[in-house]
Amino acid sequence: MGKWKRILAFLLSLCCAPSLSGCLFRSGEELYALPRQPQELYELQKAIDALMTPGTVCLAPTAGANRQPIQLADLDGDGLDEAIVFLKTGGDMPLKTCILDQAEDGLACIATIEGDGTGFATAEYAQIDGKPGLEIILGRQVNDQVLQSMSVYALREGRAVELMSASYSAYTTCDLNNDGNTDLFLIRLNAEEGGGVAEYYRYTGEQIEREPEASMSLGAGAVKRILTGKVAGGVPAVFVASLYGEDSIVTDIFALRGKSFLNITTAGAAGTSAGTVRNYYVYGTDIDRDGVIELPQPIQLPSRGGAEDAYWIIEWYKMDLYGRCTRETTTYHNYSGGWYVTLPDEWSDTLTISRSAEVSGVRGYVFSHWHGAEREPEEIFTIYPFTGEGRDALATGDGRFLLKGKGDVSYAASLGTAAEAENLTPETLKEMFNFIWVDWNTGEV
């Protein structure tokens with residue numbers, strides 16, 4: 001069904017138009033008003049019209065990467081895509097997922113998945129059972145509560161077969177056992193008491209089975225982000241960052257140790273992974289791009305102006321399967337500017353950051369050696385963000401040098417007179433300066 005990709009791209013562009021509703025077109029008159037389209041378009045329109053009984057509407061998933069009312073995936077493994085249409089009707093099972101494929105007399109619905117709920121939350125397609133074709137991972141919003149319903153379906157011999165079903169608060173796909181198939185990782189929160197459990201599902205050769213659940217940290221609240229990656233040693237893991245109290249984040253890390261699924265961060269009777277609780281909204285990421293996720297620990301720097309003028313650096317730690325941490329690197333992140341600087345670890349105890357005097361309408365960020373509240377800090381280097389016309393000229397004036405440019409901003413730096421500056425050159429500072437990946441600080445799952 002590869003020829004339908006071109007047609008579907010056209011149809012989805014129409015669906016996105018504010019003036020249009022429904023799956024495709026609202027009436028025959030609207031259809032005839034369009035320029036003549038290939039025969040495949042009319043076949044698809046006809047097949048969808050057959051599904052649109054009175055009271056039926058298209059209802060696209062509201063979250064995830066696939067948010068179209070019509071989607072494409074190769075569900076039977078023949079190398080050609082089927083079309084998947086998401087609908088809402090009346091009755092006890094109002095959510096319908098219809099799979100369209102070529103039949104003898106044209107395009108037709110070959111299988112329908114019915115479900116309860118108020119809407120589709122997510123729709124994903126993945127290789128789960130190792131057999132030809134992708135499985136459908138379908139999330140449904142059951143009501144206005146946190147828990148949602150997930151089911152996995154496989155298209156087998158022209159029928160949609162349910163492989164598993166579970167309730168969840170948040171989920172992601174992963175491959176914790178490194179077998180090349182997609183596994184499922186679900187979080188179920190305890191809204192009343194806090195905390196919750198993680199569930200791990202994998203295909204065992206005959207069916208999808210659930211491993212014994214693992215507990216989240218006590219007191220963990222709403223999930224802010226789920227990230228798949230690796231811990232030290234290259235072992236696959238899932239990193240779950242949740243609210244902890246009013247202004248903190250706790251990160252739980254789930255992995256297979258041997259054949260056991262467990263939370264490698266929980267320790268002690270309280271069960272709280274205190275080593276990853278942070279009073280700063282920064283999330284784990286592969287900061288040094290070595291394939292392993294590092295966890296951040298913000299450290300407040302001393303300041304002559306007191307806490308109101310204080311800045312923070314971040315020490316990044318790797319964790320192994322046994323919960324042992326090793327410091328990997330240290331950074332200062334300027335989220336409002338979208339940049340960060342890697343710093344020597346030995347600076348952590350002697351660094352302070354402040355704002356510079358105004359230079360051509362710009363105030364820089366001064367990194368200095370801290371000698372205590374009674375002495376003036378010694379400048380190591382200063383970073384300036386120049387904008388507007390002539391910004392590159394300003395970036396290279398008065399002893400400054402250009403670091404990098406992004407959009408309409410040219411970032412420049414100058415070296416100070418502190419002892420630490422003697423080991424720096426423009427080239428090394430350019431290597432220390434980086435831009436922040438946009439999704440690092442979104443706070444979204």
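**Exercise 1. Which residue lies over the face of Y283, and at what distance from the ring centre?**

The model is predicted: local features need pLDDT of at least 70, side-chain atom pairs count only at pLDDT 80 or more, and totals for chains, interfaces and linings use all residues. Residues are numbered from 1 along each chain as its sequence is written, and side-chain values use heavy atoms, with hydrogens and water left out.

Step 1. Apply the criterion: NZ of Lys or CZ of Arg within 6 Å of the ring centre and within 35 degrees of the ring normal.
Step 2. R225 lies over the face of Y283, 4.4 Å from the ring centre.
Step 3. Elsewhere, the charged end of R400 sits over the ring of Y384, at 5.6 Å from its centre.

**Exercise 2. Classify the ring pairs of F261 with F185 and with Y200.**

Step 1. Rings of Phe, Tyr and Trp (its six-membered ring) pair if their centres lie within 6.5 Å; planes under 30 degrees apart are stacked, over 60 edge-to-face, the rest tilted. The count by this rule is 19 aromatic pairs.
Step 2. F185 and F261 have ring centres 6.3 Å apart and planes at 70°, so this pair is edge-to-face. F185 is in strand β11 (residues 183-189) and F261 in strand β18 (residues 260-263), 76 residues apart. Strands here are DSSP runs (E, at least two residues), numbered from the N terminus.
Step 3. Y200 and F261 are stacked: 5.3 Å centre to centre, 25° between planes. Y200 sits in strand β12 (residues 196-203), 61 residues from F261.

**Exercise 3. Is Y200 buried or exposed?**

Step 1. Buried means under 20% relative accessible area, exposed over 50%, partly exposed in between (1.4 Å probe, protein chains only).
Step 2. Y200 has 0% relative accessibility, so Y200 is buried.
Step 3. F261, at 8%, is buried.

Technical notes: Helix = DSSP H or I, 4+ residues; strand = E, 2+ residues; numbered from the N terminus.
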